[in-house]
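Open the structure in your viewer and keep the sequence panel beside it. The tour below goes from one selection to the next and says what is there.

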Amino acid sequence: MKKIIFTLCIALVSSFTLLAQDAVIKGRVIDTHSSEVIPDVEIRILSSDFNAKTDTEGLFIFTGNNLPQGEQILVVSKQNYITQSIPITIQNGETINLDPILMDIDLTELESQIGVISLSDGELDGDLGGAATNVSGLLQASRDVFLSAAAFDFSATFFRPRGLDNANGKVLINGIEMNKQFNGRPQWGDWGGLNDVQRNREFTMGLKANDYTFGDLAGTTNMVMRASMFRKSARVSFAAANRSYKGRVMGSYHSGVSKKGWAYSFLASRRLGDEGYIDGTLYDANSFFASVEKKINDAHSLNFTAFYTPNRRGRSTAITKEVRDLKGIRYNPNWGYQDGEKRNSRVRQIKEPVFMLNHYWNISDKTTLNTNVAYQTGKIGNSRIDSGNNQNPAGNYYQKLPSYFLRNENPTPFDYQQAYLAEQEFINDGQIDWEALYRGNANSSTVNAAYIVQEDRIDDSQFSVNSILNTRLSENILLDAAINYRNLKGDYFASVVDLLGADGYLDVDYFGGGIPNDLQNPNRVVTEGDRYRYNYELNASVISGFAQAQFKYSMVDFYLAANFGQTSYQRVGLFENGYFEGPRSLGESEKVDFSTYGVKGGATYKITGRHLIDVNAGYFTKAPTMRNVFANARQNNDIVQGISEEKAQSVDVSYIYRSPIVKARLTGFYTGFKDATDIGFFFTQNALGTDDNNAFVQEIVTGIEKRNVGVELGIEAQVLPTLKLKAAASVGQYIYTNNPDLYLSSDDFGEVGNDIPAQGLRKVALENYHVAGGPERAYQLGFEYRAPHFWWVGVTTNYFSNAYIDISNLRRTSDFYTDTDGLPFNDYDEGVAKELLRQEKLDDYFLVNIKGGKSWKLKKYYIGFFATINNALDQNFITGGFEDSRRANYRQQVEEQNRENGPLFGNRYFFGNGSTYYVNVYVRF
């Protein structure tokens with residue numbers, strides 16, 4: 001008996017000894033504002049495989065004798081809260097009790113709404129993307145120091161991280177890709193005003209591994225709009241601003257998941273304003289969102305999401321420096337007074353409802369399958385004035401400006417008198433005279449209006465379906481795969497919106513001498529609501545898939561991925577154009593097919609818990625967008641000669657440092673593009689091969705090669721519990737690296753069949769010119785102060801340089817120095833030509849931005865406000881611009897540049913806004 005008792009005592013002592021050798025880390029996580037516990041908080045030991053989540057009581061615990069020993073970083077994170085990095089020292093036999101861990105609401109959630117407000121007119125309009133697009137929306141999901149600066153402070157300048165625009169990034173909603181087939185860009189207006197349901201975002205930077213898709217160079221954002229993903233709450237907010245709209249009201253409600261497995265989410269908002277910072281830019285938008293989810297059981301859940309955000313916006317345009325000097329940066333030539341109210345001739349309307357059905361299947365605790373079906377329909381319309389007498393009614397038409405009357409050498413006193421009268425008329429008015437347009441129609445035949453308002457329409461219907469598989473093959477290996485299919489049918493046509501008092505409008509090409517736009521219905525008189533000028537369909541089908549393996553180990557994480565795709569486009573002409581008879585314009589075009597593929601890989605090497613090296617590389621091909629496949633889809637079935645898949649290769653290497661006080665990332669990047677295509681549409685007086693060299697042309701450039709290289713840095717330091725210092729910088733060079741091919745297409749060139757036009761294929765000397773699209777260099781210094789009593793303020797100073805305007809391709813071809821007889825100009829001077837062809841570099845500038853806010857908790861209500869002032873010092877700056885190709889040869893440019901009173905067709909610029917503000921007040925309960 002004594003031996004048994006002695007043996008039991010030894011065993012008991014041994015067990016206590018073994019237990020004492022275990023390390024224990026435990027704690028409780030609490031909301032700083034509400035003092036309530038927070039469940040489902042992710043707790044992990046940095047650079048290890050140990051992770052856990054808090055339970056319903058906010059508690060977590062790690063225990064064992066195999067926990068990493070010594071100084072470690074405990075990372076505490078949850079969506080919509082500020083991530084904490086807590087230094088701890090782990091020793092076997094010791095217990096670390098972290099009770100409580102206080103978590104603050106992440107104010108970048110509020111800043112992301114500021115980022116949405118900062119979106120440029122160009123991005124929201126979606127038609128300036130390449131030269132005037134920032135990526136605020138794409139970057140809102142990231143807490144990276146540099147990307148935060150790019151999204152919230154650099155965006156007003158059209159800055160593009162790594163020189164990439166939003167066509168180089170993917171935007172998904174509930175796993176469904178939202179980028180448009182026509183131009184490759186996400187149509188942000190389709191989900192504008194839905195801020196409160198866009199907070200569950202998953203962002204992947206660059207080509208890094210993504211669970212849903214192969215991705216793209218500028219990264220991937222997936223916005224999760226499942227009803228069950230929103231915690232139970234309601235929110236009402238009011239906003240006032242002076243940039244895009246004047247006011248906004250928004251309300252949302254989320255039910256949370258009921259005991260029976262149902263969840264509901266609803267949102268409605270209204271944004272409005274007679275004009276924003278730019279004159280005459282009306283804003284009228286409503287937004288509606290609904291999501292219903294049923295958790296059938298632990299394995300299956302079914303979610304339905306629908307949103308509809310009809311919006312109408314008055315547009316502005318680029319202007320010359322002469323116009324800016326006379327009217328200021330707020331001037332907009334697109335509007336005029338009608339019956340005492342401002343009426344904008346160029347209004348963009350978007351009405352595209354989206355419906356989604358999502359099935360989530362937890363096949364096992366290691367495998368999930370997500371299947372999604374989506375349907376998007378509706379219309380996009382852009383209005384403008386159409387003239388039957390070829391007269392331009394715009395207030396800034398070149399023949400109405402002072403420079404026109406002083407265009408000749410040695411102006412006479414009469415010329416100066418006319419210039420002065422024009423100057424005063426332009427300063428005092430300078431807008432569209434709507435009453436004159438009505439009078440012009442009254443003086444002409446009422447059956448054939450002199451002026452009408454038309455709308456260029458795109459009526460899309462798109463069906464999408466995909467399945468996404470995620471599975472954990474082992475403790476260290478994850479497999480992701482997806483298959484996607486999209487089918488698009490788009491109707492493209494011009495529609496009569498307003499006859500301006502007339503009874504009809506003759507559907508012919510007035511500029512071309514009355515050629516019918518539709519030979520099937522020659523000399524047709526159209527009325528309001530009729531289709532005219534052009535009418536065709538663009539159909540597209542895309543099937544794609546990807547597979548990816550992720551490997552996660554204590555010292556290194558790496559991934560490998562591949563994708564494939566097949567894209568088909570076809571045009572169907574519904575009008576028989578008078579210039580391109582028969583099947584050249586009517587009926588089905590040849591079907592154009594593209595096969596694409598890609599590979600990528602990357603690794604993160606964890607030198608220590610604080611020092612990491614991250615490498616990503618990829619090579620892939622992309623189908624050109626529909627916009628760049630057909631030479632002139634409005635008139636004919638011609639396909640761009642030599643069109644092929646675009647190629648991209650990319651590599652980036654980052655050094656990352658993370659400590660409880662300092663976070664930093666330094667990245668070097670390289671991206672190369674090949675076989676890109678670009679099509680421009682404009683009027684030129686240098687169209688060789690026509691009778692008078694005047695023509696509306698399609699400028700088609702193929703085989704474009706570009707190179708983007710640079711470094712970017714982001715660093716922040718929590719120098720005090722309440723004070724954070726931060727800095728960011730990007731130094732890049734984005735240039736063309738070859739001399740691609742260019743040819744012109746036009747109905748003025750006569751019958752040229754489907755071959756390269758008779759005037760010939762020529763090289764365009766683009767090599768070493770800069771790709772326009774915002775500053776190549778951007779720098780930031782700033783601080784953020786967060787007081788213990790829940791108020792905060794942040795100030796940043798931002799400096800921008802090395803921005804260039806977009807060059808005229810036509811000026812850099814042989815057309816520049818070739819006379820009408822096909823020989824070089826006899827007075828051509830290479831030195832003068834070099835100066836004429838020098839790409840304009842815009843002036844450097846700096847901007848100061850201020851933001852701040854405060855929040856209160858009153859019983860069950862959270863009340864707060866935040867505000868931002870952009871360009872607080874009201875600096876004048878130019879964000880971008882482009883050369884005019886109207887007068888594009890050597891002699892014409894010498895004449896233009898030597899005009900004493902300025903060129904008639906000078907460079908056009910986008911001017912940045914002066915000081916703007918945004919204020920938001922919200923109540924959450």
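Select Asp614 and Lys208 to begin: their side chains meet in a salt bridge, 3.0 Å from N to O (a side-chain nitrogen of Lys or Arg within 4 Å of a carboxyl oxygen of Asp or Glu). Asp614 belongs to strand β34 (residues 611-622) and Lys208 to the loop between β10 (201-204) and β11, so the pair ties together parts that are 406 residues apart in sequence. Helices (H or I, at least four residues) and strands (E, at least two) are DSSP runs, numbered from the N terminus.

This is a predicted model, in which local features need pLDDT of at least 70 and side-chain atom pairs count only at pLDDT 80 or more, while totals for chains, interfaces and linings use all residues. Residues are numbered from 1 along each chain as its sequence is written, and side-chain values use heavy atoms, with hydrogens and water left out.

Asp614 is buried, with a relative accessible area of 6%, and Lys208 is partly exposed at 26%. Buried means under 20% relative accessible area, exposed over 50%, and partly exposed in between (1.4 Å probe, protein chains only).

Next, select Asp216 and Lys622. They form a salt bridge, with the closest N and O atoms 3.0 Å apart. Asp216 is in the loop between β10 and β11 and Lys622 is in strand β34, 406 residues apart. Asp216 is buried, with a relative accessible area of 0%; Lys622 is partly exposed at 23%.

Move on to Asp827 and Arg891, a salt bridge whose closest N and O atoms are 3.2 Å apart. Here the loop between β42 (791-801) and α10 (830-836) holds Asp827, and helix α11 (residues 890-897) holds Arg891, 64 residues away in the chain. Then select Asp144, Arg162, Asp652, Arg665 and Glu712, which salt bridges with shared partners join into one network. The structure holds 48 salt bridges.

For another loop, pick Met229, between β11 (220-223) and β12 (233-241). Met229 is partly exposed, with a relative accessible area of 42%.

Finally, zoom out to the whole protein. How many helices and strands are there in the protein? There are eleven helices and 47 strands. The C-alpha atoms fill a box of roughly 125 × 60 × 55 Å, taken along the principal axes. Buried residues make up 55% of the 925 residues.
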